[in-house]
Amino acid sequence: MNASPMESVRRLIDLFRIRPPDTAQVLLRIQRMERDLVLPIKVAAIVILLHSLYFTPWLVDASKIFELPREYARYLLWVWVCVSVVMAWVLFSMSRLRHRVVELAVFLDTLADGIFVGVLTLVTGGYSSILYWLFVALIARTAVSVPRATSQLLLNMALSACYVVAGVIDTLIANNVTEDERAVLELYSLTTEPLVLRLSLLLLMTFGCYAIQVLLERQRQVEEEAREFAVREVQLRSAGRLAAEFAHQIKNPLAIINNASFSLQKALKDGKGASPEQIAMIQEEVERADRIITQVMGYAQLSEGHVEKLDVVEELDRAVDRVFPAAAGYPIRVQKRYAQKFPPLLMQRRHASETFMNVLQNAREALEGTSGNVLLEAECLEDQSIEVSVADDGPGIPPDKLGRIFEAYYTTKERGTGLGLATVKHNVELYGGKVRVESELGKGARFTLTFPAKTLLSVEKPV
């Protein structure tokens with residue numbers, strides 16, 4: 001089935017949409033480009049322009065014909081100098097400012113540079129000005145300093161527009177001045193073909209720089225996911241071996257105790273005087289300990305397995321279908337609110353499935369016997385971590401029990417095992433995530449799971 005035109009456009013946009021780099025990486029790029037490279041160049045340019053404006057007459061004739069007094073030119077230059085000084089202060093105060101302020105300052109400073117270069121282009125030949133190449137450099141600079149897609153493309157298009165406007169004004173003036181004045185100002189009417197080539201180069205630089213950034217970001221994501229896979233696979237296997245070794249070390253002494261109990265029982269039969277109650281107690285405790293270890297192994301879920309790249313929406317929908325099957329007819333309405341885009345969730349599918357199912361089942365049991373609502377939300381946070389929350393409008397959790405609900409074997413339900421929420425907490429924290437709960441009596445409860453984009457598996461050794 002052929003996709004609709006709108007669907008094709010959406011896929012094309014998605015193909016070129018990239019997530020912005022981490023905040024720390026953006027600030028590092030700004031520091032290296034703006035503070036370490038651009039700022040010294042601007043200082044040198046300001047010195048040259050001030051010398052040219054105050055000690056050479058290169059703007060006198062242009063000022064007369066453009067009807068711009070020399071003081072206006074100086075005023076414009078000093079405005080640009082002030083903007084550059086403010087930007088310099090921002091660059092040297094980055095550690096004390098919010099990153100959004102720094103990024104906005106870079107955007108506005110680059111736009112101011114483009115406008116100023118456009119004015120210089122106007123008085124140095126318009127479309128024929130050698131300063132055209134500064135616009136190419138500004139576009140390349142923007143690709144580094146303004147990595148966010150919308151801001152970068154918008155700014156680069158604005159820079160190209162500055163060049164076009166400067167050329168248009170230059171052409172209009174050239175058509176309304178005498179030949180002598182045109183010679184003084186070096187106004188030229190650029191032919192169509194070179195103009196098209198220059199504009200094409202600006203647009204090619206605009207979209208080419210962005211396309212290169214998309215390719216580099218795609219490659220970085222692939223390498224990053226490969227590293228995450230490798231780290232999580234190794235850590236998960238280590239966790240499985242650790243759990244198996246723990247069970248082996250505990251089961252061995254228990255087996256010895258069990259054998260000893262049978263020996264004592266035999267001695268009792270031989271009339272050597274041993275208490276049957278003590279023998280029964282030993283055997284009962286051994287069986288109990290063995291049963292607990294078996295349950296803990298099932299709860300820990302640390303057997304060796306493979307990390308997978310999961311779609312969080314698919315996993316959530318699958319969990320909802322299992323916990324609230326349509327055939328069961330639960331009088332509960334499940335509402336879903338998902339963000340549009342998510343990074344892949346790198347987990348064992350079993351861990352993700354059991355985590356989501358246990359939280360949803362907890363909400364279902366909280367509403368058991370009543371009709372109510374369950375709200376399932378998922379969003380991608382700014383740091384690319386995934387946050388999933390499950391809220392119900394049930395009776396809520398008493399404050400004195402709220403602090404213990406994640407403890408293994410602690411339950412307030414008659415048929416509960418006490419391992420559902422403990423499994424949720426354990427599985428989420430295994431991947432470096434966090435679980436939090438908010439509840440108020442009579443107003444339901446909300447469980448929020450956060451899965452980080454980058455993490456090492458957390459493996460605690462048994463005490």
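## A buried loop residue and its surroundings

Glutamine 384 counts as buried because its relative accessibility is 15%, where buried means under 20% relative accessible area, exposed over 50% and partly exposed in between, with a 1.4 Å probe and protein chains only. The model is predicted: local features need pLDDT of at least 70, side-chain atom pairs count only at pLDDT 80 or more, and totals for chains, interfaces and linings use all residues. Residues are numbered from 1 along each chain as its sequence is written, and side-chain values use heavy atoms, with hydrogens and water left out.

Glutamine 384 sits in the loop that links strand E4 (372-380) to strand E5 (386-392). Helices (H or I, at least four residues) and strands (E, at least two) are DSSP runs, numbered from the N terminus. The hairpin of E4 and E5 has five residues between the strands, and glutamine 384 adopts a positive phi near 75 degrees there. Proline 344 is 40 residues away along the chain, with 9.9 Å between its C-alpha atom and that of glutamine 384.

**The sheet**

E5 belongs to an open sheet of five strands, ordered E2-E4-E5-E7-E6 with mixed pairing; two strands pair if DSSP finds at least two bridges between them. Strand E2 (332-338) and strand E6 (434-439) are at the edges, each with a single partner strand, so one side of each has no neighbour in the sheet. From one strand to the next, the twist averages 15 degrees; angles run from 0 to 180 degrees between N-to-C directions, and axes are lines fitted to C-alpha atoms, for helices over the stretch in contact.

| Strands | Sense | Bridges |
|---|---|---|
| E4 and E5 | antiparallel | seven bridges |
| E5 and E7 | antiparallel | seven bridges |
| E6 and E7 | antiparallel | six bridges |

Glutamate 379 has glutamate 387 in E5 as its bridge partner, and serine 389 has threonine 448 in E7. Serine 439 stands opposite alanine 445 in E7.

Seven of the seven residues of E5 are buried, so the strand is largely enclosed by the rest of the structure. In a regular strand the side chains alternate between the two faces of the sheet. Ile386, Val388, Val390 and Asp392 are buried on one side of E5, and Glu387, Ser389 and Ala391 are buried on the other.

**Helices**

The axes of helix H11 (residues 312-323) and helix H12 (residues 349-366) come within 9 Å and cross at roughly 50 degrees. H11 and H12 are therefore oblique to each other: angles under 35 degrees count as roughly parallel, over 145 as roughly antiparallel, 65 to 115 as roughly perpendicular and the rest as oblique. Their contact (heavy atoms within 4.5 Å) involves residues including Leu316 and Val320 of H11 and Phe356 and Leu360 of H12.

Helix H14 (residues 420-430) has Leu421, Ala422, Thr423, Val424, Asn427, Val428 and Leu430 as its buried residues. After H14 comes glycine 432, with a positive phi near 80 degrees.

Elsewhere, the axes of helix H2 (residues 23-55) and helix H6 (residues 132-145) come within 8 Å and cross at roughly 140 degrees. Among the residues in this contact are Ile30 and Met33 of H2 and Val144 of H6.

**The whole chain**

The protein chain has 14 helices and seven strands. Of its 463 residues, 38% are buried.
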